[in-house]
Amino acid sequence: MASEFKLRDTLLERLSGARHVFVLTGAGMSAESGIPTFRDAMAGLWAKYRPEELATPEAFQADPARVWRWYEERREAVRAAEPHAGHFALVELETLLPAVSIITQNVDGLHQRAGSGTVCELHGNILRSKCHISHRQIGREWIADDNHNPPRSPYVKGGLARPDVVWFGEVLPQDAFDAAMAAAVDADFCLSVGTTSLVQPAASLPLLALEHGAALVEINPQETPLSLHADQCFRGKAAEVLTSIIDQLKA
Ligand code: APR
């Protein structure tokens, strides 16, 4: 067993006896599936733009076609990606413990594609579309049939389809965030995987779990502001560390 990813005995004991595990994932969780992190997606053609010029309501208002094109490219990458061993390790964790809540900042749906049951999407899902005025969901058939760029909304005159993701300056879906907070308060073990722990309010959730008595383990090759609060940090990649933790749980 890769010793560098060995959970301390007390933490392995707490994890194997855990009633409810809270898992927060960020872009690093999808990196090994070949999905560029948000900042990496600002490469190539899009390098000349600032995030605010592509992922804000104002940017969409100013140039909806440009924003739609950027998301269409990212959607292609998401459709072409496959979940990795780390995603499947979390699915297995759900079979080994009473309750596991996956709270993700990712918009790629890879946890669900791997088979995870309880996934809470804090920042929406890039493969879904909604009307930019009414925010009502727009089906894929309508999107496929309407050859405008972006497609028009079927609900509101002048409405356009936009990706169902949370843009900078927008609030998180209340129901998702409420569910995430409830899970953080209830959990007795917390895993933070592949996130810089910088973007609020998601970054506050592991601290909320800690405040309510959960053990906290961070998985990230880099140090983050959360590291000093964690009971143990693994400076490794999501797939290798999560599979090692499952092996230890089963041993
Ligand atoms: N395994 C684990 N962690 C990784 C891996 C990996 N294979 N590769 C990179 N990381 C870590 C990086 O060290 C970094 O800390 O994942 C983090 C990715 O950082 P960001 O791209 O900033 O992603 P995230 O923290 O999820 O950003 C939060 O901000 O960009 C917006 O809305 C977007 O949801 C995103 C939010």
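Author: Before we start on cysteines, here is the cut-off: a disulfide is a pair of cysteine sulfur atoms within 2.5 Å. Also, keep in mind that this is a predicted model.

Reader: OK, so how many disulfides does the structure hold?

Author: The count is 0. Take Cys 120: the nearest cysteine sulfur belongs to Cys 190 and is 13 Å away.

Reader: Is Cys 120 buried or exposed?

Author: Cys 120 counts as buried because its relative accessible area is 12%, and the cut-off for buried is under 20%. Cys 131 is buried too, at 0%.

Reader: Switching to the ligand. Which residues come nearest?

Author: There are 19 residues around the ligand, and the nearest are Ala 27, Glu 32, Thr 195, Thr 196 and Asn 220.

Reader: And which helix gives the most to that shell?

Author: Helix H2, residues 27–31, with 3 residues.

Reader: Which side chain has an N or O atom 2.9 Å from a ligand oxygen?

Author: That's the side chain of His 123. The backbone also takes part: a polar backbone atom of Gly 194 sits 3.2 Å from a ligand oxygen, and a backbone N or O atom of Gln 105 is 3.2 Å from a ligand oxygen.

Reader: How much of the ligand's accessible area does the protein cover?

Author: On its own the ligand has 720 Å² of accessible area, and the protein covers 86% of that.

Note on methods. Residues numbered from 1 in each chain as written. Predicted model: local features only at pLDDT ≥ 70, side-chain atom pairs only at ≥ 80, totals over all residues. Heavy atoms only, no water. Near = heavy atom within 4 Å. Polar contact = N/O pair within 3.5 Å; in protein donor to acceptor, adjacent residues only side chain to side chain. Areas by Shrake-Rupley, 256 points an atom, 1.4 Å probe, with all protein chains shown as cover. Helix = DSSP H or I, 4+ residues; strand = E, 2+ residues; numbered from the N terminus. Buried < 20%, exposed > 50% of the residue type's maximum accessible area, 1.4 Å probe, protein only.
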